[in-house]
Structure formats: structure tokens, C-alpha cells
Amino acid sequence: MAAVVNGRNLPLSFKTSVILCKVVKNRKIEPSIKFLEAVEKEKIGISFAKGRVRKGNHGMKYPHKAAGVFVKLLKSLSANAVVNGVDPSKIIVHARADKAARPNKPGARPIKFKRAHVTLEGTLVADKATA
């Protein structure tokens, strides 16, 4: 493990966090950041559809807020790799999302905040020449 970033009690829905973890998982850091920045600008959509896949943009969404949070986490992962003395371009991301405690919003009705924990771990890629 070359670097780790833990995002605790992030204001994201668990479902969106899991889907973005699937998008980022087993990719390098820079392409993931570029992809998520394009999602933020609504140039690329992410499929939230379950079951049968239909033609066109069925089930596509643009999770702006979650993509911005994931970009910050990926940049932090890259910085942590540099501090640990590892080249960030040789790191593959492993992502995991967990449910967090959901506090109540103030008011008469008990409405819950959305919360999720996100863990990003960077591991080195084995070079083909040395392997």
C-alpha cells in the first residue's frame, strides 16, 4: 500500500458513493480526476440504472457534489503518495464506501442527513519489464 485517504462523515449519499467507487476503482489517479471533473461539468454522465440497460442515456446522472468530493480525495491521495516517495502515475486506486451515522436535521420531523465514509487506497502497479 503506497498511500491511503480516509473521508469520514462526508455529506454524500451512500448509493452515490458506491457508484463513484466503482467508477474510480482499478484506475490510475490522473484519468480518474479528469473523468470526475468532466462529470462535474456535465460532459459525461454516470449510469445509475439497475437491471436491463436501455439505449441512449437512460439512467444517466451527473452527481456534481459527490464528484467534487471524490476529486479532492484523489488529489489528496496523489499528494500522500508523493510524501511517501512514490510516483503517483504508477498507482492504482482501490475504493470502498461505507455507511456512516446519520444525524437528524433540526425541526419537528426527524429527517436524516446523508452521510458516507469513503476510503481510497493506492497500490503500486508492477512494471511489465520487472514482472
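**View 1. The second largest pocket and its lining.** In this predicted model, the second largest pocket is lined by residues from separate parts of the numbering: Pro11, Leu12, Ser13 and Thr16, then Lys65 and Ala66, and finally Phe113, Lys114 and Arg115.

**View 2. The largest pocket.** Here the volume is about 200 Å³. Look for Lys15, Val18, Ile19 and Lys22 in the lining, along with Ser47, Phe48, Ala49 and Lys50. Which helix gives the most to this lining? That's helix 1, residues 14-24, which puts in 4 residues.

**View 3. Arg27 over the ring of Phe35.** Zoom in on Phe35 and you'll find Arg27 lying over the face of its ring, 5.0 Å from the ring centre. How many aromatic pairs turn up in the whole structure? The search comes back with 0.

**View 4. Stepping back to the whole chain.** The protein has 3 helices and 5 strands, and if you follow the sequence they come in the order β-α-α-β-β-α-β-β. Its C-alpha trace spans about 60 × 40 × 25 Å along the principal axes. Of the 131 residues, 37% count as buried. Take the contacts between residues at least 6 apart in sequence, and 73% of them join residues at least 24 apart.

How values were computed. Residues are numbered from 1 along each chain as its sequence is written. This is a predicted model: local features need pLDDT of at least 70, side-chain atom pairs count only at pLDDT 80 or more; totals for chains, interfaces and linings use all residues. Side-chain values use heavy atoms; hydrogens and water are left out. Rings of Phe, Tyr and Trp (its six-membered ring) pair if their centres lie within 6.5 Å; planes under 30 degrees apart count as stacked, over 60 as edge-to-face and the rest as tilted. A charge sits over a ring if NZ of Lys or CZ of Arg is within 6 Å of the ring centre and within 35 degrees of the ring normal. On a 1 Å grid over the protein atoms alone, a cavity is a set of points where a 1.4 Å probe fits but cannot get out, and a pocket is an open set with protein on both sides within 12 Å along at least five of seven lines; lining residues have an atom within 4 Å of a point. Grid points are joined across faces, edges and corners, and a volume is the space filled by probe spheres set on the points. Helices (H or I, at least four residues) and strands (E, at least two) are DSSP runs, numbered from the N terminus. Buried means under 20% relative accessible area, exposed over 50%, partly exposed in between (1.4 Å probe, protein chains only). Contact means heavy atoms within 4.5 Å.
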